[in-house]
Amino acid sequence: MRMAAALDEALAEGGYTIVEEFLLSGRAPTHVPIPRFLFDSRVGIYLNHVTNRAGPWRHQAAALEAFGAGNNVVVSTGTASGKSLIFQGAAFHQLLLDPRAKAVVFYPLKALAADQYLSWNKAAAAMELPKTFVGRIDGSVPTKEREAILASSRVLLMTPDVFHAWLMSRLASPEIKEFLRELKLIVLDEAHTLEGVFGSNFAFLFRRLVAARNAVIPVAERQEQLRAIAATATISEAAGHLSALTGMEFQEVDASMDGSPQADRRCVHLAAPAGKEMAMAGDLQARLLKSASQGGFVTFVDSRKAVEMLAMASNKGALRDLVGNPAVLPYRAGYDAEDRQAIESRLKSGELKGVVSTSALELGIDIPHLQVGINIGAPLTRKNYRQRLGRVGRRDSGAFVIIGEPNAFTRYGTSFRQYHDLSVEPSYLYLDNRFMQYAHARCLVDELEAAGSKDRSELPTRVKWPDGFGAVFESARPGNDRPREFDAIAMLGGDVPQLNYPLRNVGEVNFAIAQGDQVEAMGDASLSQAIRECYPGATYFHMGRPYKVQSWVTSGFRPQIKVKYAPGAIATRPRVSTWINAGLTGSDVINGHFRTSALGLLTECQMLITERVEGYAEGDGEYRPYNELQQKNPSLRPRMRQFRTTGVLLAVDATWFREAANKRFFAERLTEIFCREYSVLPQDVGSASTNVAVNTVDGHKPRSDCIVLFDQTYGSLRLTERVYSEFKHLLRRMEVAVDSERGGDAAYYGDFLTKLGEFYDSLKSLDPFDLSSTAEEPRGIIRVFSPGSTVGYREEGVLFTAVEVVAPTIMPADRELWYQVRCPPKGPGAAPAKRWINSQFLEPSADHGEWSYSLWNPDTDEYVERD
């Protein structure tokens, strides 16, 4: 039985509740003649062969014609619409006509580059080109082999990460300079991934690439422009986005021109009680594995740990005996290349019947026999939904099932079908983020010198740089004054900033995960992931196998998390607490975004966020805090992530708002609706309704009448600005969603939102500098952390450790404020160590009750009472 038929049978007989379903009807292909200019090279004959003389689909021919006319082109048609044929044909044609030209093809993931490498080689072989014509360089290719591949290959498949960290850090190499001189074409596949943090970093990388190429090209050859062609399945206003991404102009071929065929697909929303979605998915997977002998399924879940747990549950007991060992494997980011390739190989061969994946399998890895897709909960964005839907039914009819609460769509004011019909969200780039600008300015300074630029002290003028970048570039040059806010990120960059500033986050520590004394990593995790997945004492799952986290090693070239294989280890659940310190002084409020009334306020402001894992529970057992666990094992201690960012604070001094359940409901629902409305990934935004304190001119004070939404990114991309500017619109969205729900809660929260709307209407704008105080601290008196305060010590740039303040002092050498602090013991039996730390590396810690400020007279070493 086909997998899709097994799904139909399961839905008919399994007792599931179908909330909504609809059919996406297929269509026949539309073929047109091959553009004549392609017969000037071997590409025309090749296309005639691969299309069985029928000619390319309509959109393929239109894109190739636009490229042949000299335009940069972006193709934004649906999934499985043959976009690879377009950019492969364009690249081979240009390179065959110019025997010295080379092309770089950027793929966002190593797995996708490896998969498409086979496709490129197959095309090259069909045109009787040398085996070395196409090369691939990513993190899995040994460094010593890379320059030889650069020299011998005409088409280079690379990830942006390896281009940034390896190639751009070695521009002094003659081989790399020669490669840049010969580079004539850049291909961007899956361009919808180039947004947010990753896309914004890539936008700077692209401009640095162009600047480096210009620096090594002789003046006489500079009139020949670098060209680009891009492909994406899910992007709004593709030409505008690609222009912002690269600084170039693009012609778009969109879905209205799509001539590719499409099979029928059944779309179903299954109702699952809250918290039971994973169990229902496991049950449905078991039914599919039992009944189907043809085809496969993919289940998407937006948590690395949940991926591991669901795959493990699908391979237990009688089911494993029935279908083999194992039938289902997990797939996610953080695996090494060998593990990832083994999973992909088994999937493509049909040996593996199913896979449970994060968004890592959304992209164009070609697995045509997948017939069924399952999604746990409503997809986070419509981009996610379109990509995941496009993974199934490529060869034959298929189905896509969303397992979620009955109101998974109506809570956002739409039905499932309406959600499907909505256009995808715009793609955002945050090129004005000053911390991101500084990281790339550091890189550019080094690269201009390595490339031998004659004007290395000047910002390259033949590149379209984002606003404000010129001033940041000046501050990054050696010997120039650097604002203190850049000190932490400058330290993180070290001597080779390309290696230390990863493209997929800004200023975030990244850990290698390794067993025991092994140097080679089995995976990796950012600091944000680590405090949730591989905190001290955690059970960490990798490829369906459990490991116990032994220790965090923060010294050395790269921080590591040491783990040990632990068969039978029980899953653990962390307790991660978040504390917010919001600034309400004139200098903290952003762009005058401050509205107030007698009842409260709404503002966008600077914030200090502290996330701390405080302990964990094993299985269904009781929670155990680290201060209890470390009595037996001192290495089991809290770990924290602390960063400065921006966010929106709402304070309402009213009983109906202060109630904990009301604040929690509003913060969570506002975050959900905001993310869906503006295509912001939930992991990029945080919210809190407790542990909020504000810093005003009158000092630091916890408040119980606040909720906050904030950027999860170090330094802030100001993603949450629209919560302030579009607050009324978001309230209306929430009212529509609440109206669609049933029961007493709908009426209760409807009344709550009405009151909140009335409160918003009462707010008036206030000049934030009216918040400043004319009063000054007494002459010679400074504000310091009080002795006994627990504060955060920023190690390695952004990695924080809790330390206890012993005493402040002014160091004679630099006349700056330092603190003597008590640090945690280094190991079993060791005593806490004291050391002196510059005040710029200390921040307020998590719990507001753990620290305070005092007024201190450094001349008399006495503390002064505040008036």
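Let's start at M543. At 21% relative accessibility, M543 counts as partly exposed, the class between buried, under 20% relative accessible area, and exposed, over 50% (1.4 Å probe, protein chains only). M543 sits in the loop between β17 (539–542) and β18 (545–553). Its phi is positive, about 55°, although M543 is not a glycine. Most residues other than glycine have a negative phi.

A word on the source. This is a predicted model: local features need pLDDT of at least 70, side-chain atom pairs count only at pLDDT 80 or more, and totals for chains, interfaces and linings use all residues. Residues are numbered from 1 along each chain as its sequence is written, and side-chain values use heavy atoms, with hydrogens and water left out.

Helices (H or I, at least four residues) and strands (E, at least two) are DSSP runs, numbered from the N terminus.

Back to phi. N52 also has a positive value of about 55° and is not a glycine. N52 is in the loop between α2 (43–50) and α3. N52 counts as exposed, at 68% relative accessibility.

Now the sheet. An open sheet of 7 strands runs β4-β5-β3-β6-β7-β2-β8, with parallel pairing. Pairing takes at least two bridges found by DSSP. Which strands stand at the edges? β4 (134–137) and β8 (251–254) do; each has a single partner strand, so one side of each is left without a neighbour in the sheet. On average, neighbouring strands are turned by 15° against each other, direction ignored.

Look at one pair. β6 (residues 183–188) and β7 (residues 227–231) pair in the parallel sense over 4 bridges. There, V187 stands opposite I229 in β7.

Two helices lie across β2, β6, β7 and β8. Helix α3 (residues 58–68) runs at about 165° to β2 (73–76). Helix α10 (residues 238–246) runs at about 135° to β2. Angles go from 0 to 180 degrees between N-to-C directions, with axes fitted to C-alpha atoms, for helices over the stretch in contact.

Next, K83, in helix α4. K83 is buried yet has no salt bridge, meaning a side-chain nitrogen of Lys or Arg within 4 Å of a carboxyl oxygen of Asp or Glu. E190, the nearest side chain of opposite charge, is 6.7 Å away. What does the side chain of K83 reach at 2.7 Å? The backbone oxygen of G78. Contacts of K83 (heavy atoms within 4.5 Å) include V75, A231 and T232, leaving aside neighbours within four places in sequence.

Last stop: P99, in the loop between α4 (83–97) and β3 (102–106). P99 is exposed, at 64% relative accessible area.

Methods: Lys, Arg positive; Asp, Glu negative; His and termini not counted. Polar contact = N/O pair within 3.5 Å; in protein donor to acceptor, adjacent residues only side chain to side chain.
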